[in-house]
Amino acid sequence: MMDLPCVQWQDHVAQKWTGLAPELKEHFTSLLEIDDVFKCALTLTTQDDLDFLQSISAGHSVQKDTEQAAKCREKGNSNFKTRDYTAAALHYSQGICFAPQSSQQLSLCYANRSAALHHLQRYQECLDDIDKALKNGYPSHLSHKLEDRRTQCLKHLSGGQNGKEDHHNLASKNHKGPDGVKAPSVDCLTCGICPQATVGFSPEKGRHLVAAERIAAGEVILNDRPYSCVLIPGMEEEKGKRGMFGIEHRCCHRCLTDTLCPVPCEGCSYSRYCSTGCQRDAWEEHHCWECALGADLMVMGVMSQLALRVTLKAGLKNIQMAREPIRDEHTKSEPGCLKRESSESYSCRTNQPDPSASYFGDSYLSVFHLLHHLNRHSPALRFLSAVTVATLYLRLSKAGPPPPSWALSGPSGTNGQSPDEEGGNAHWSTELWLLGSAVLRHILQLRCNAQAILMLQDTGATNSPVQSSREIRIATAIFPTLSLLNHSCCPNTSLAFSTGASVDPLGLDVSADFGESVAEHRGSARGVTVTVRAAKGITAGQEILHCYGPQSSRMVTQERQHLLQQQYYFLCQCEACTLTQEETEEGAEGGQQRPGVGGSQRQSGLLCGKCKASVKKSSVDKGTGFICSQSSCGHRISSSEVSHRLREIRVDLEKAVDLMERERPDDALSLLKRAQCQSGLILAETHPVQGELADAMARAYATMGDWKNAASYLERSAIAICSQYGEDSIELGQQLFKLAQLHFNGGARGPALSVIPKVRRLLCLHCGPRCNELQELQAMEECLR
């Protein structure tokens, strides 16, 4: 996922570490302060490191390129001819980002995109592009085409056929962006923690969130915005969909809004935005520094870029303010005290409360005082992080003077001399090494505090009546308040992300496609939001928990604990991990959870090939096989045989999905029936693979218009999902929502009205009463009644 730097840079730094003299290694490893680690890395970073970075970043150029712009425009023209206007608009947008400012190629791309937008009935955006094409020198002998198109748009708009309304009426049916990413629902609750929850602290748990009074299932516990976030490049669509556009091509690089009509950065071909407001805010906040380093940041990884972005947004003054208590501890420390990560040791040195035990709302202080676990990271990882930051610091210092937002605060803020006083840009004062130290601090923090921003994306054929969806990670962020929540493998909360959409003080939805002038003023109101809801009733005094990734419904205890120890440095003792474990870890090849036990016991989901009873992990042969649970049968099967047969079934499943992508549902159905015959010999109906097969068969039947069979197979899929994730899970809610759609499309009034209340309960619980799917359910119900 590009979290860490690219492999070439990791190898380069690893060789550098290996080549260090033993006494230097020992010295670096002994350093216990982030400032000292950064200063040491800076003295060890050379011109050779800068040259190597330049050599590997050459393949990730973000320069404007007229030739590339022309190629993108040609691809758009091909899509336009086949009437795939959405794909055409995406290609034209890519050309706009590549085209140099005021070039004819830029004007041609804008003009062509306006034609695609006109066909998509997005008339206001079409008018905006017409203006931009003319402004950038569109050939005068062709301008009559644009004027004719402008007249048609104005006629549509003045005639009440508002493009914005048309677009959003369409969106209300599909709730998707141009590439199948579900549009966010809007929750009008302001950011912050609800009155029923309070921030607690203990030496064992650190800062955490506790219910002050009972919180009912489905209630909003907190809303939070990230202090900063970075899109993950290369998150591409499934094959066969519009030319494999990545998230970075389709989303605003500031607020993550999905957009067909990005506003390009004027300096590089990579960054793009949903509005001039987001473009301006990003430039002032961080991009004025990042723009020249775009290729370097691509190879340095998402975590490095996010850490730099947090630091740039904070600015020198905020960093100096956040460091004040830490600078005090150097002057007041006493021999024999422990490291500052201990609240008691901090107090004994400073006579002040430990800032890591306090909550500072959504300010930079909350981010700065997250634990960085410097002494727990391996020396090699510390060295990689420190040299990466030192190299970026030197690249920045050679790129030019710091921006005005990094105005120095005067002599009172100076904390020692710069470790790089010689060379570099003369405008880089002795204080600015604090930037490097802060970036290193945030990189180390992010290993334990970064939060993936997830959105649902449809998979399968674009025009399929039944769409499967998967969660995709579109960005990495750091949330000041969400970071308070500790982990549980069976959490009592549910997270929902919204991107771009927000409610401004006037109560207007700023995610709507306003004209450019309106969007510019409201750009600052856009942003990413996470909403945390109670997934079950939480009693007063109970800790509020969410899952860091390893969840009991997806992973066995031993694997979860290993991953959590490796990344977060704690041995998980949550409810799921501490329940009495007869955990022979049955079904490691893909079994499912037994609902209600938090994952402490697992059923294999495998059937005996002889008597069709369930099988369990064998206690002989070092647990490498399975044995029938019926003692009278005693049939055995090896793990390798189970794995081989599961692989065969999955191969057929993948081939069938590909056939549906190519609009061959008959052939797909034949393959799926064969796979189902094989799966029925060894898999129970509750096994996850059975659920996937049933879901694929439902899609195939629905594509062929056989709604009754489609609904039947989707019901089977729901049984497997319920078994794996539980009857109150969002996964079951999403599957039942598709089932409601199928019943509705097939005119099955009774079954549809029966399943809608179940869907409504689950979606309200996890997504809130304002989610788009609930609006569609309401429309279905009204139509059926």
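Of the 785 residues of this protein, 55% count as buried, where buried means under 20% relative accessible area, exposed means over 50%, and partly exposed is in between, with a 1.4 Å probe and protein chains only. Before going on: this is a predicted model, so local features need pLDDT of at least 70 and side-chain atom pairs count only at pLDDT 80 or more, while totals for chains, interfaces and linings use all residues. Residues are numbered from 1 along each chain as its sequence is written, and side-chain values use heavy atoms, with hydrogens and water left out.

The protein has 28 helices and 18 strands. These are DSSP runs numbered from the N terminus: helices are H or I with at least four residues, strands are E with at least two. Of the contacts with a separation of 6 or more, 69% are between residues 24 or more positions apart; a contact means heavy atoms within 4.5 Å.

I will start with helix α1, residues 7-18. The expected span is 1.5 Å times one less than the number of residues. Which residues of α1 are buried? They are Trp9, His12, Val13, Lys16 and Trp17. They cover an arc of only 140 degrees around the axis, so they sit on the same side of α1; the arc is that of the directions from the helix axis to the C-beta atoms. As background, an α-helix has 3.6 residues a turn, so residues three or four places apart point the same way. The cover over the buried residues of α1 includes α2 (22-30), α3 (34-44), α4 (47-57), α13 (294-300) and α17 (379-399). On the face turned away from that buried side are the exposed residues Val7, Gln15 and Thr18.

Helix α6, residues 85-98, is mostly covered: 14 of its 14 residues are buried. From first C-alpha to last it reaches 20 Å, close to the 20 Å expected at 1.5 Å a residue.

Next, arginine 113, in helix α7 (residues 104-119). Is arginine 113 buried or exposed? Its relative accessible area is 0%, so arginine 113 is buried. Leaving aside residues up to four places away in sequence, arginine 113 touches Ala89, Tyr92, Ser93, Ile96, Asp129, Leu260, Cys261 and Pro262.

UniProt, in an unreviewed entry, lists residues 252-291 as "domain: MYND-type"; such annotations may be inferred rather than shown by experiment. That span is 38% helix and 10% strand, and its end C-alpha atoms lie 15 Å apart.

The structure holds five cavities of 30 Å³ or more. A cavity is a set of points on a 1 Å grid over the protein atoms alone where a 1.4 Å probe fits but cannot get out, and lining residues have an atom within 4 Å of a point. The largest cavity has a volume of about 170 Å³, a volume being the space filled by probe spheres set on the points, which are joined across faces, edges and corners. Its lining has 16 residues, and Tyr270, Ser271, Glu290, Gln305 and Arg309 lie nearest its centre. The elements giving two or more residues to this lining are β5 (228-231), α12 (276-290), α13 and α14 (302-332).

Last, two backbone angles. Tyrosine 569, not a glycine, has a positive phi of about 65 degrees. It is in the loop between α20 (557-568) and α21 (575-578), and at 15% relative accessibility it counts as buried. Lysine 612 has a positive phi near 70 degrees, lies in the loop between β15 (602-603) and β16 (615-617), and is partly exposed at 39%.

How values were computed:
1 Å grid on protein atoms, 1.4 Å probe; cavity = no way out; pocket = protein on both sides within 12 Å on 5 of 7 lines; lining within 4 Å.
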